[in-house]
Amino acid sequence: MTTNPESEPRARLISHFANRGRDHQSSGWVELWETGETDLWDRGKPSPALIDWLESQPEVLPSHPGRRFTALVPGCGKGYDVAMLALHGFNVYGLDVSQNALETAQSYAAPELREPSAYNFASEDSRKEESPGTLKFIEGDFFKTDWEKEVDIDDFQGFDLIYDYTFLCALAPEMRKDWARRMSELLSPSGVLVCLEFPLYKELTAPGPPWGLKGVHWNILAEGGDGIIDKESASETGQLQGQFERIAYFKPQRSYEIGKGTDMFSVWKLKE
């Protein structure tokens with residue numbers, strides 16, 4: 001009898017969070033870091049989809065002559081995307097609730113900035129174009145504001161780019177509306193929220209984490225809903241009461257295999 005190699009890690013995550021309420025979600029992730037169970041979610045490299053999008057020189061990024069773009073990666077884990085964004089010229093902040101995660105991320109990122117791995121770039125030309133930006137890892141709860149004092153940006157008006165891949169899908173569903181609210185608070189008026197939407201193959205009513213998200217981003221960001229849905233909207237029209245508008249949406253040519261070819265890449269801006 002053969003088994004799905006993904007099934008055991010998924011079952012372990014689901015059982016670990018089965019009886020944890022909203023107030024105990026963060027401690028659940030801290031415990032997994034402390035027991036060395038990062039193999040349950042670790043991808044081992046930065047997002048190929050995000051790399052390809054960055055190197056396509058998207059016009060949706062704000063224009064700031066004379067200064068670098070700033071970026072935030074909440075739930076940054078081992079820091080793969082933080083280091084990659086810095087290597088593409090951003091000044092980047094990685095946020096996580098686990099001190100163990102941040103120590104691991106710092107140990108990973110420092111040598112990457114000195115001698116970058118090839119997987120940080122889609123092409124050799126891109127590797128030569130940018131001088132690295134800075135990076136800083138902060139221990140903190142995304143849903144609180146106390147960690148923001150660690151952001152070393154003069155006249156801080158929000159981040160130019162915030163990236164989410166497996167942060168939203170790791171949160172209990174009742175936290176989704178607050179996720180959207182915090183994103184609106186942390187994004188600069190001209191910035192972009194970039195989401196690699198995953199997992200879209202998983203039923204919305206199936207237990208998590210990771211929780212199925214098909215249609216959830218649209219519901220909480222565009223429609224202003226609470227994200228607790230049992231089916232995707234029949235059409236992406238109607239009452240759009242959310243604080244965001246979607247300005248790009250496509251299936252990336254490259255993504256992680258675990259997405260089973262269903263990952264979608266979405267880019268959002270705050271409504272004016």
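Predicted model: local features only at pLDDT ≥ 70, side-chain atom pairs only at ≥ 80, totals over all residues.
Let's start with the strands. Seven of them form an open sheet with mixed pairing, in the order β3-β2-β1-β4-β5-β7-β6. The edges belong to β3 (135–139) and β6 (244–250); each has a single partner strand, so one side of each is left without a neighbour in the sheet. On average, neighbouring strands are turned by 20 degrees against each other, direction ignored.

Within this sheet, strand β4 (residues 159–164) pairs with strand β5 (residues 187–197) in the parallel sense, over 5 bridges.

Helix α7 (residues 176–186) lies across β1 (70–74), β4, β5, β6 and β7 (264–270). Relative to β5, α7 runs at about 140 degrees.

## A pair of helices

Now for a helix-on-helix contact. Helix α3 (residues 48–55) packs with helix α4 (residues 80–87) at an angle of about 15 degrees, and their axes are 11 Å apart. Because angles under 35 degrees count as roughly parallel, that makes α3 roughly parallel to α4. The crossing of α3 past α4 is right-handed.

Which residues in α3 and α4 meet? Leu50, Ile51 and Leu54 come from α3, while Asp81, Met84 and Leu85 come from α4. The residues of this contact divide into 5 nonpolar, no polar and 1 charged.

Technical notes
Residues numbered from 1 in each chain as written. Heavy atoms only, no water. Axes fitted to C-alpha atoms, helices over the stretch in contact; angles between N-to-C directions. Helix = DSSP H or I, 4+ residues; strand = E, 2+ residues; numbered from the N terminus. Parallel < 35°, antiparallel > 145°, perpendicular 65-115°, else oblique. Left-handed = near helix turned anticlockwise from the far one by under 90°. Contact = heavy atoms within 4.5 Å. Nonpolar A, V, L, I, M, F, W, Y, C, P; charged D, E, K, R; others polar. Pairing = 2+ DSSP bridges.
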